[in-house]
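Below is a short briefing on one protein model. The points after the structure are grouped by topic.

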Amino acid sequence: VFKYFTTLSTKLISQNCFTMSLLAPRITAAASKHQRCVSTAGLSLYDLCHRSISSTSTPKLAYEIITDGKVSSSPHDIINQDKQTIVFLHGLLGNAKNLRTPAKKLTRQLPHLSALLLDVRGHGGSSGSQQHVQPHNFHSCVSDIFHTLKPLGLVGENSPTAICGHSLGGRIALQYTHTLQLQRDHAIQTPQQTWILDSVPGTPDPSVHHVLKAISSIPLPIACKSSLTDTLMSEYKMNKAIAMWIASNLKGKNGEHDWVFDLDIANELVDNFADQDFDTMIHEITSGSSVGALDSTIQLVMAGRNKEWKEDVVSSLRSIPTFGHSFHMHKLENAGHWVHVDAVNELTQLMVDGLSNTKR
């Protein structure tokens, strides 16, 4: 029951995975020191892109930066000319900190990479409907990413070399790469690699809707975590581990608690699952079918204990013409849906092997 939300929920609670991310600081004129000049007329690509947004604009999404295995306190580290960038996107009802461990391990083993961990719209430090206009779909999430990368100077030659997303984040990562592959006028270059972590094509598992429906029906404000846990166990028949995990997503004090995520946005994003043509997008990205498309590889990682990877789903993916060439599938046999928790070492090694030679 609720298989997407049961595996290692106790671990997630203990790691405090669902606390708020740091809000993005303003980018000042100091960022101009990191320009890479691409024009004989004296204007850099950074200048040209930066003119399209306000000089005082801030990144659209909240984020964290990890370099050399450590969380960085300076946004300027992300545009270090000596490093490439990989973007990490978390899953539904999560936040950037969910992927700290694999990001730390990866950047420690591959010091030429920095990691940019984002809170997608409606989650963590990017929550709040007032921050984001409708529609709340994958295209809007991609636009949010663009409006985060540009103020950080991650354009042109500094564009992220790779993007990695778990579950919902994997779907957004796929949409991001597909959008860049088809729209060649973007200042942001297509990533060389897209890592999709246990994102199963098609409609979401029914357990996802059940959990969202249960959470949506809880009256606000909520008195405390313990009372919420009791309600979820008694009225919604959830086991204690799931109920405690959900209760860990509260913010507030003195009997006035609310969710750290925006339920309206979360529900709308889930409604987009069935509309995404997963297989076709993978084929278009990895075949380089668009004019002037750069080579781009997709690495799909499946959890061996996720029963949603049914034979017909896997067979359909393997029938994509680029399978085994620019589209690869990996199976972590002993991992549940949270592959970055259950099999973090195996996952990290896969990514190290795949990203060792990435360069712009």
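**Helix α6 and the basis of the model**

The model is predicted, so local features need pLDDT of at least 70 and side-chain atom pairs count only at pLDDT 80 or more, while totals for chains, interfaces and linings use all residues. Residues are numbered from 1 along each chain as its sequence is written, and side-chain values use heavy atoms, with hydrogens and water left out.

**Helix α6 and its approach**

- Helices (H or I, at least four residues) and strands (E, at least two) are DSSP runs, numbered from the N terminus.
- Helix α6 covers residues 168–182 and reaches 21 Å from its first C-alpha to its last, close to the 21 Å expected at 1.5 Å a residue (1.5 Å times one less than the number of residues).
- Serine 167 is found in the loop between β5 and α6; this residue has a positive phi of about 55° although it is not a glycine.
- Serine 167 is buried, with a relative accessible area of 12%.

**Sheet**

- An open sheet of mixed pairing is formed by 8 strands in the order β2-β1-β4-β3-β5-β6-β9-β10; two strands pair if DSSP finds at least two bridges between them.
- The edges are β2 (70–71) and β10 (327–332), each with a single partner strand, so one side of each has no neighbour in the sheet.
- Strand β6 (residues 193–197) pairs with strand β9 (residues 297–303) in the parallel sense over 5 bridges, and leucine 197 stands opposite valine 301 in β9.
- Helix α14 (residues 344–355) packs on the sheet, touching β3, β4, β5, β6, β9 and β10, where contact means heavy atoms within 4.5 Å.
- The direction of α14 makes about 165° with that of β6 (axes are lines fitted to C-alpha atoms, for helices over the stretch in contact, and angles run from 0 to 180 degrees between N-to-C directions).

**Glutamine 84**

- Glutamine 84 is in strand β3 (residues 84–89) and is buried at a relative accessible area of 16%.
- The side chain of glutamine 84 makes a polar contact of 2.9 Å with the side chain of threonine 161 (N or O atoms within 3.5 Å; within protein, one must be able to donate a hydrogen and the other to accept it, and residues adjacent in sequence count only if both atoms are side-chain atoms).
- Glutamine 84 and asparagine 158 are 74 residues apart in sequence, with a C-alpha to C-alpha distance of 7.2 Å.

**Aromatic pairs**

- The whole structure has 4 aromatic pairs (rings of Phe, Tyr and Trp, its six-membered ring, with centres within 6.5 Å; planes under 30 degrees apart count as stacked, over 60 as edge-to-face and the rest as tilted).
- Phenylalanine 138 and phenylalanine 273 form a tilted pair, 6.0 Å centre to centre with 40° between the planes.
- Phenylalanine 138 lies in helix α5 and phenylalanine 273 in the loop between α10 and α11, so the pair ties together parts that are 135 residues apart in sequence.
- Both phenylalanine 138 and phenylalanine 273 are buried.

**Backbone exceptions**

- Most residues other than glycine have a negative phi, and most peptide bonds are trans.
- Leucine 93, in the loop between β3 and α4, has phi near 65°.
- The peptide bond from glutamine 134 to proline 135 is cis, with omega near 5°.
- Another cis peptide bond joins leucine 220 and proline 221, with omega about 0°.

Key:
Buried means under 20% relative accessible area, exposed over 50%, partly exposed in between (1.4 Å probe, protein chains only).
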